[in-house]
Amino acid sequence: MTEREDFDGLALAARPVVLFDFDGTIADTAKAILRVAREALERCGYDVDALPDLNMLIGPPLYDGFMELCGVPLEEAVRLTEAYRDVFYHTVTPEDYPALPGVRPLLSALAARGTRCAVATSRLEDTAQKMVAALDLPPFEAVVGRLEPGRDTKADCIREALRQLGVRPEDAVMVGDRRHDTEGAHENGIPCIGVYTGTAQPGEHERAGADVICHGIYEVAAVLGVTLDGSDEDDVSV
């Protein structure tokens, strides 16, 4: 636990722009992703129970996730990704990815004080935009995701979000639940709040060098300088 003045020293609450990851940060997509991944892998002939933790697929681009999870080359990861997307398209509904607790009031509070918010995600952009719209959240100024080809990494997506908003790196802070968020933010010169919402492995944000580490959206709200009903400022660290 770190005292409030420590992370206040980073001046994150004063930054006029907040970029959010989507999966595991805005929406609880873990169960849907794991179910779809299992079905896609089985369809492609894999023994899912013999593979490492499927949570490796939550966060990075799917090609990268499948290459790491299955130890396969890009060509095979593409085949697995195509199967995954087919299952996802035909079976996943908005009820499968509700907003995480605290997200809606956090976004409302940020909007009320004039903070600009956007999404920067490794999910394909058209899918991300549809999923965000389906959640009926306070509006984001931009929802930026991957394009194939042309926008391949989390850093690329963050950079494009800054461009669309017309802001400098020093104006923004990133909020994300995986190491890729911190790595992509730092590549663009942006601090990152790493939040443990259930997907990241213990110590992942610490190893990635997240500037502030939180254990839930209510703690993120405290770092960003807004108070939500039921919020708790404990267990926030830098």
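The legends below describe close-up views of aromatic rings and packed helices in a predicted model.

In this predicted model, local features need pLDDT of at least 70 and side-chain atom pairs count only at pLDDT 80 or more, while totals for chains, interfaces and linings use all residues. Residues are numbered from 1 along each chain as its sequence is written, and side-chain values use heavy atoms, with hydrogens and water left out.

**View 1. The ring pair of F66 and Y84.** A search of the whole structure finds three aromatic pairs, where rings of Phe, Tyr and Trp (its six-membered ring) pair if their centres lie within 6.5 Å, and planes under 30 degrees apart count as stacked, over 60 as edge-to-face and the rest as tilted. The rings of F66 and Y84 have their centres 6.3 Å apart and their planes at 70°, so this pair is edge-to-face.

**View 2. The ring pair of Y84 and F88.** With ring centres 6.0 Å apart and planes at 20°, Y84 and F88 form a pair that is stacked. Y84 and F88 are four residues apart in helix α4, and therefore about one helical turn separates them. Y84 counts as buried because its relative accessibility is 3%, and F88 counts as buried because its relative accessibility is 12%; buried means under 20% relative accessible area (1.4 Å probe, protein chains only). F66 is buried as well, and ring pairs link F66, Y84 and F88 into a cluster.

**View 3. The packing of α3 and α4.** The axes of α3 and α4 come within 8 Å and cross at roughly 115°, where axes are lines fitted to C-alpha atoms, for helices over the stretch in contact, and angles run from 0 to 180 degrees between N-to-C directions. Contact means heavy atoms within 4.5 Å, and the residues of α3 that meet α4 include F66, while those of α4 that meet α3 include Y84.

**View 4. The packing of α7 and α8.** The axes of helix α7 (residues 154–165) and helix α8 (residues 179–187) come within 8 Å and cross at roughly 55°. K154, A155, I158 and R159 in α7 meet H180, D181, G184, A185 and E187 in α8.

Note on methods. Buried means under 20% relative accessible area, exposed over 50%, partly exposed in between (1.4 Å probe, protein chains only). Helices (H or I, at least four residues) and strands (E, at least two) are DSSP runs, numbered from the N terminus.
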